[in-house]
Amino acid sequence: MSLFHPHTLSFRCSTSSISVSMDCGAKLTTNTHTNGLNFEGTKERIKKMFDHIELSVSSYDTAWVAMVPSPNSPGNPCFPGCLQWLLENQLSDGSWGPPHRYPLLTKDSLSSTLACVLALRRWGVGIEQMTKGLQFIESHFGSISDENQHTPVGFDIIFSGMIEYAKDLNLNLLLRSTDVDAMFHKRDLELRSCHKESSKGMQAYLAYVSEGIGKHQDWGMVMKYQQKNGSLFNSPSTTAAALAHTQNAGCLYYLNALLEKFGNAVPTLYPFHLCPRLSMVETIESLGIGEHFRKEITSVLDETYRCWLQGEEEIFLDPATCALAFRILRVNGYDISSEPLTGFAEEHFFNSLGGYLKDLGAALELFRASQMMIHPDEQVLEKQNSWTSHFLKQELSNSSMSADKLRKYIIQKVNDALEFPHYASLERLVHRRNIENYAVDNIRMLKTSYCSSSIGNKDLLRLAVEDFNACQSIYREELKQLERWVQENRLDKLKFARQKLAYCYFSAAATIFSPELSDARISWAKNGVLTTVVDDFFDVGGSEDELLNLIQLVEKHDVDVSIQCCSEQVEILFLALRSTISEIGEKAIAWQGRNVKTHVTEIWLDLLRSMLQEAQWLKNKSVPTMDEYMTNGYVSFALGPVILPALYLVGPSLSEGVVKSPEYNLLFKLVSTCGRLLNDIHSFKRESMEGKLNAVSLHIIHGTSAVTEDVNKEMKRLVHDRRRELLRLVLQENGSIVPSACKELFWKMSKVLHLFYMKDDGFSSHEMINVVKAVIHEPIYLDEQ
């Protein structure tokens, strides 16, 4: 990690380099089209970022450290170097803070400037700097009541406390009494509300803003939050205030260690080691470029897991870091418990007044973590999901922040998380949204604003755009190849068949997106097209003789079609099936070292026989039991030929033992059952009018409930349970024999199903066209300015 100001200060430690800077990011200024050399250069710069995190210096925190008196000589500063830094780093307008102040960060500048002025006044130095600082405060004081301004955490309490401290120091601030009275009134209301609510979260908030409460603070309560490193909340300002009032040796140790690392200026948060690296992993994966940094990501995850097991405070004392670590570790197959999130399971943990723990980003992380529930007894995650979703929706409805670029990024992420839950998010759509909404100059806010090289990094954005567009060109070529395949196999001549090539290929490209997995995408898409056509053939296009004929032909495989096909329709279908099965069998040799044609044929025969069973039920007006229907129905939903052959083409070796294992078959059954139930919920009205039975109508017929809404609720509960069990199997490593890369395909298909069945009326044709364009046809252009 590194801190950098106008000049760079850095050091080396065993695991990383740290420096502090005032530069809060840069903007892209050209169309993003880099050549191959730059592509590799960008990757190398990003790899170095894993070991060298830059973090902006905090004038605010440095000022509070400068105010601490020496334990041995109370009339002198304990850290004179910090005082000297303040004297040397005032900005030309009289303020202290980032050199390029964002217009809506005036409250932040006021807070930092007043803290610096107080430090100078406390030690009787820098008359000229104090005068300029006071002029800045007096001329901008009106901003404290501007609701459009970004408000630092605890501002009303801390700034008011600093005004009172200024009076104690006989510092003459020329402020309108009405403005000051209004500020104190707002502070008093907040403090009364805080003391009225005695939750742990509120106590923590009051301890965090201790410098604003000063001599009125219960320092015994505050010191209960002291961490192993001696700090309070890893906050230099809170720790400095505690040291000034308590002379605590641990606080002194922390600040000495901090200045030994960073020189005479400090960041607003330290240690800042795991959190930025986890954030980098999250950002890189969310932009779709994780495969370029698999070694670095694995290293971060292994370190995080080790710290998780050791109970590191940097993880467990911060809700956002804890939630992020939990989600990333669990989704990557690490065996961890949700128990550490118990402390954040209730909404009262967040301060309703906008304090330390009320952080939209933290609430979002807790919400996303809650979707990683894989065990029925994880009530902590259920509670967390309930209150965070309510909280986020409420914040969005109460917010007019959409036009504010500093908040736009997080608001967009909240919108996306609520609209597209984890189980219905297709990777390539997520990547595109994240790329288009990526905030290159993203700034975070605690008690003061800060930025880091791991936040809003332009190299990450450039690589993501280049990678996305490069992959997209591959997808377009594959789609053209598939369009030729449809025509060459005369599938477009079958008048009864829906033409769903774009949908089928989109679902492949949006999930199996790595360039090297072309064989898997092609298999997925071709079999998707064929299952759609065959479904229409069994449903409306073929006679009973034709259905039986097709099954017999597939069973025999090597036949003379001119003699044994009873119709042109059967011939077209059979030839397309046979050639596709043979092609997949041949391609699998390169991946598996053996031909899997026999197994792919069996997969297709299972589907055809299940579809025939449904056709016979309809013809004979039979009413199967629910068990009979679902045993047949999860197969007839037709995911077998789409998912199972593709498993042979994603890399890992799949032995016959694995393919026949209970785990493999349960994965298939769970995703197919989810699909069958989702389909039946959405198609109930239409199929009832056509005289067809499905899971909803059978529930009603067999007496589970006569009310469709009640049946739908029960079916959705079943989907929820099956989806949770599927995710558990996908993430489970202990005792699993199905390779992770293969298990992920079942989960990817589940996400496809949930996305397209998410709305009551399904995905419209207009929406379908838009998402196909987004993933396959429309490159991303980012204009740098």
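Q: Where does Q247 lie?
A: Q247 lies in the loop between α11 and α12. Keep in mind that this is a predicted model.

Q: Is Q247 buried or exposed?
A: Q247 has a relative accessible area of 55%. The cut-off for exposed is over 50%, so Q247 counts as exposed.

Q: Which value of phi does N234 have?
A: N234 has a positive phi of about 55°, although N234 is not a glycine either. N234 sits in the loop between α10 (219–222) and α11 (236–246).

Q: Is N234 buried or exposed?
A: N234 is buried, because its relative accessible area is 7%. The cut-off for buried is under 20%.

Q: Is the peptide bond from Y270 to P271 cis or trans?
A: Most peptide bonds are trans. The bond from Y270 to P271 is cis, with omega near 5°. P271 is placed in the loop between α12 and α13.

Q: Where is H273, and in which loop should I look?
A: Look between α12 (249–262) and α13 (274–286): H273 is in that loop. H273 has 18% relative accessibility, so it counts as buried.

Q: What does the side chain of H273 contact?
A: The side chain of H273 makes a polar contact with the side chain of E303, at 2.7 Å.

Q: How do I read a helix such as α5, and what is its reach from first C-alpha to last?
A: Compare its reach with the span expected at 1.5 Å a residue. Helix α5 covers residues 127–140, which makes 14 residues. Its reach is 20 Å, close to the 20 Å expected.

Q: Which residues of α5 are buried?
A: Q129, M130, G133, L134, F136 and I137 are the buried residues of α5. They span an arc of only 160° around the axis, so they are on the same side of α5.

Q: Which residues are exposed on the other side of α5?
A: On that other side, I127, E128 and S139 are exposed.

Q: What do the buried residues of α5 pack against?
A: They pack against α3 (80–88) and α4 (106–123).

Q: Where is P152?
A: P152 is in the loop between α5 and α6 (155–168). P152 is buried, because its relative accessible area is 2%.

Q: Which residues does P152 touch?
A: Set aside residues up to four places away in sequence. P152 then touches K107, D108, M445, L446, K447 and T448.

Q: What separates the C-alpha atoms of P152 and L782?
A: P152 and L782 are 630 residues apart along the chain, and 31 Å separates their C-alpha atoms.

Conventions. Residues are numbered from 1 along each chain as its sequence is written. This is a predicted model: local features need pLDDT of at least 70, side-chain atom pairs count only at pLDDT 80 or more; totals for chains, interfaces and linings use all residues. Side-chain values use heavy atoms; hydrogens and water are left out. Helices (H or I, at least four residues) and strands (E, at least two) are DSSP runs, numbered from the N terminus. The expected span of a helix is 1.5 Å times one less than its number of residues. Buried means under 20% relative accessible area, exposed over 50%, partly exposed in between (1.4 Å probe, protein chains only). The arc is that of the directions from the helix axis to the C-beta atoms. Contact means heavy atoms within 4.5 Å. A polar contact is a pair of N or O atoms within 3.5 Å; within protein, one must be able to donate a hydrogen and the other to accept it, and residues adjacent in sequence count only if both atoms are side-chain atoms.
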